[in-house]
Amino acid sequence: MKEHQNAENRNPRPSLIWYLENTIIDETFEEEDNGVTSNALTFPRLGREHLNARLSCQASNTNLSPPPSKLLILNINLRPLSVQIVKKQEQLSANRSYEVECIVTGSRPAPKITWWIGSRPLRDNVINFSQSNLTRSVVQLVPEAQDHGRVLICHAENPLLRAKSLEDTLKLAVQYSTAFLLDFARGAQYLASRFCDMGFYALVYSSIIANKLVIKQ
C-alpha cells in the first residue's frame, strides 16, 4: 500500500509524520523547491491485524496550535481462513432429503459459497447467511443412488480475491434398495422345457447398473 500526503505554503516548513494508531511509522518527509513538503508512505505488508486500524498523517510547524491531520480507516479485503462441512452423516439413503451445513470463517467481504457433487453444481435449495466474519451455507441434499462414492464439495472464495479459495469435501455413502426385473419373456423357452415337480428355471436381471445381478435356480 502507498499513501502520499502534501503540505503547501507553510512557514516555517512543516514536518509530515505518519502514525499507525498512536505509533510513528514514517517521519521521512521531503521539502521541495516549490514550497511543498511531502511524505510518501509505503506500507510493506497489510494483514488481518490492520483491519479497521487508524492511519493518520500529521503536519506540524509550531507548538502554538494543535497540528492538522488527515485520518484513514483501513478497510482490507481478506481471504477465507477455514471451510468446514458440518452435520455430517455417515450413511445417507437415496431420494431422501438431508440438511448439510458448511461454515466459512475469515473472509471479508462475505465469501461466495457454492456446492458441488463431483463436477455437478447444486444451485437449488441453498441458503447463505453471514454474521461478523463467519458465513453459514445450508443445502438441502437429495442424494441419488448413482451419487454413492462421489464427493460433496463446499467451495468458498472471496469475490475480490478469487485466487485465494478454499474448500471442504465429504465422500457420500448412499444406501439404496436394488431394483430388479423378473424377465419371464426372455426365459420363456426354459420354462416350457424345464418345468418339473422340483420347481422351475427362471432368469432375474438387475435394473441397477452399479449392482448387476443374475440369479439362476
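## Salt bridges and selected residues

Gln89 lies in the loop between strand E8 (82-86) and strand E9 (92-93); strands (E, at least two residues) are DSSP runs, numbered from the N terminus. This is a predicted model, in which local features need pLDDT of at least 70 and side-chain atom pairs count only at pLDDT 80 or more, while totals for chains, interfaces and linings use all residues. Residues are numbered from 1 along each chain as its sequence is written, and side-chain values use heavy atoms, without hydrogens and water.

Gln89 is partly exposed at 40% relative accessibility (buried means under 20% relative accessible area, exposed over 50%, partly exposed in between; 1.4 Å probe, protein chains only). Its C-alpha is 8.9 Å from that of Val100, eleven residues apart in sequence.

The structure holds five salt bridges (a side-chain nitrogen of Lys or Arg within 4 Å of a carboxyl oxygen of Asp or Glu). Three of them are tabulated here.

| Salt bridge | N to O distance |
|---|---|
| Glu21 and Arg54 | 2.9 Å |
| Arg120 and Asp147 | 3.5 Å |
| Arg150 and Asp147 | 3.1 Å |

Glu21 and Arg54 form a salt bridge. This pair links distant parts of the chain, 33 residues apart: Glu21 is in the loop between strand E2 (15-20) and strand E3 (23-26), and Arg54 is in strand E6 (residues 54-60). Relative accessible area is 35% for Glu21 and 38% for Arg54.

Asp147 is buried at 0% relative accessibility, whereas Arg120 is partly exposed at 33% and Arg150 is partly exposed at 36%. Shared partners join Arg120, Asp147 and Arg150 into one salt-bridge network.

Key
Helix = DSSP H or I, 4+ residues; strand = E, 2+ residues; numbered from the N terminus.
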